[in-house]
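Please consult the sequence and the structure shown here alongside the text.

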Amino acid sequence: MRLSGLTCVIADTADSAVHVSNILSFGLLNVNKQLERAAKMIADAVHPVSFSGAGLSAESGIATFRDRGDEDALWSKFDPQKLASQEGFLADPEMVTAWYNWRRKTLSEVQPNSAHLALAKLHGWTHITQNVDDLLERSMDLSGVDVSPILHLHGTLLEDHCNANCGHTELIDLSCAPALRNCDCGSYMRPSVVWFGESLPAQVLQTALQKTEAADLMLVVGTSAQVYPAAGLIDIAVEKGAEVIVVNKEPSGVNGAHVLELIGPAGELLPQLMDRLACYMPE
Ligand SMILES: [Zn+2]
């Protein structure tokens with residue numbers, strides 16, 4: 001594994017008091033020890049993977065779906081059965097398409113946050129995400145590193161495909177997404193995101209399973225680990241005995257002998273973790 005653009009920083013207590021001011025459940029010394037331990041675990045990993053959820057992109061201004069206490073969470077304001085199901089799409093395809101185009105426009109106007117930029121420094125990792133945005137790809141681009149293939153378990157907002165699955169796909173300009181239209185086969189075009197009742201994309205899921213089963217470390221970022229089957233990948237990593245580091249703003253419920261949980265904003269914790277990791281890595 002290589003790291004770039006990082007300087008070894010061991011924060012002293014005074015600096016840390018500023019950086020970890022929003023971290024909720026551990027004392028300051030404890031957080032520093034946990035970060036140190038997590039950095040050592042990452043440095044020792046041979047086949048690491050990351051697994052991210054909505055909490056990773058929330059700090060960029062992308063709404064989560066069902067966060068407790070988040071009044072802007074999408075499913076607290078909108079009906080998922082109307083907006084994220086085949087039945088809802090067929091009942092009102094123009095409205096559903098317009099709703100996704102509103103989310104696309106929002107995505108075009110936000111930027112990767114410091115958590116994305118920290119993950120982008122982990123060269124050679126397999127990145128698995130539940131997010132349908134491209135902020136991790138953009139963070140790699142901004143960092144000047146090769147854009148690693150990212151496994152989008154729940155699809156992507158950057159593509160439409162034929163609702164009859166004839167095989168036709170189209171890349172979407174986020175800032176200017178087209179309104180509802182037909183595929184050449186006559187069916188509607190629809191966003192390439194996974195709706196309720198649909199299977200995860202088979203090839204993506206298979207690759208994610210293979211990488212998870214081979215992983216000796218999983219870094220879990222910004223997910224409550226409650227949406228299955230995607231969250232089942234965390235269970236596999238735990239059961240296989242991989243080291244699992246969870247960075248989440250609240251306890252995730254992931255349990256196991258090799259699970260280390262860091263509670264706080266990913267945008268604060270991940271950059272600190274990368275600073276410590278740099279101390280273990282060759283120049
Ligand atoms: Zn078609």
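## Sheet and cores

In this predicted model, 6 strands form an open sheet with parallel pairing, in the order S3-S2-S1-S7-S8-S9. Its edges are strand S3 (150–152) and strand S9 (259–263), each of which pairs on one side only. From one strand to the next, the twist averages 15°. Within the sheet, strands S1 and S7 pair in the parallel sense over 5 bridges; proline 48 has leucine 217 in S7 as its bridge partner.

| Strand | Residues |
|---|---|
| S1 | 48–52 |
| S3 | 150–152 |
| S7 | 217–221 |
| S9 | 259–263 |

Overall, the secondary structure of the protein comprises 12 helices and 9 strands. Of its 283 residues, 40% count as buried. Among contacts between residues at least 6 apart in sequence, 65% join residues at least 24 apart.

In soluble globular proteins, nonpolar side chains tend to be buried together. Here the largest nonpolar core has 50 residues, and those with the most contacts inside it are Met218, Val220, Ile234, Val244, Ile245, Val247 and Leu270. Helix H12 (residues 266–278) supplies the largest share of this core, 7 residues. Apart from this core lies another, of 6 residues, including Phe89, Val96, Tyr100 and Leu107.

Which residues is leucine 270 in contact with, leaving aside its neighbours within four places in sequence? The contacts of leucine 270 are Ser114, Ala115, Ala118, Leu119, Val221 and Val247. Of these, Val247 is also listed among the core residues with the most contacts.

Key
Residues numbered from 1 in each chain as written. Predicted model: local features only at pLDDT ≥ 70, side-chain atom pairs only at ≥ 80, totals over all residues. Pairing = 2+ DSSP bridges. Helix = DSSP H or I, 4+ residues; strand = E, 2+ residues; numbered from the N terminus. Axes fitted to C-alpha atoms, helices over the stretch in contact; angles between N-to-C directions. Buried ≥ 20, exposed ≤ 12 C-beta atoms within 10 Å, placed from the backbone. Contact = placed C-beta atoms within 7 Å. Core = buried A, V, L, I, M, F, W, Y, C linked by C-beta atoms within 7 Å.
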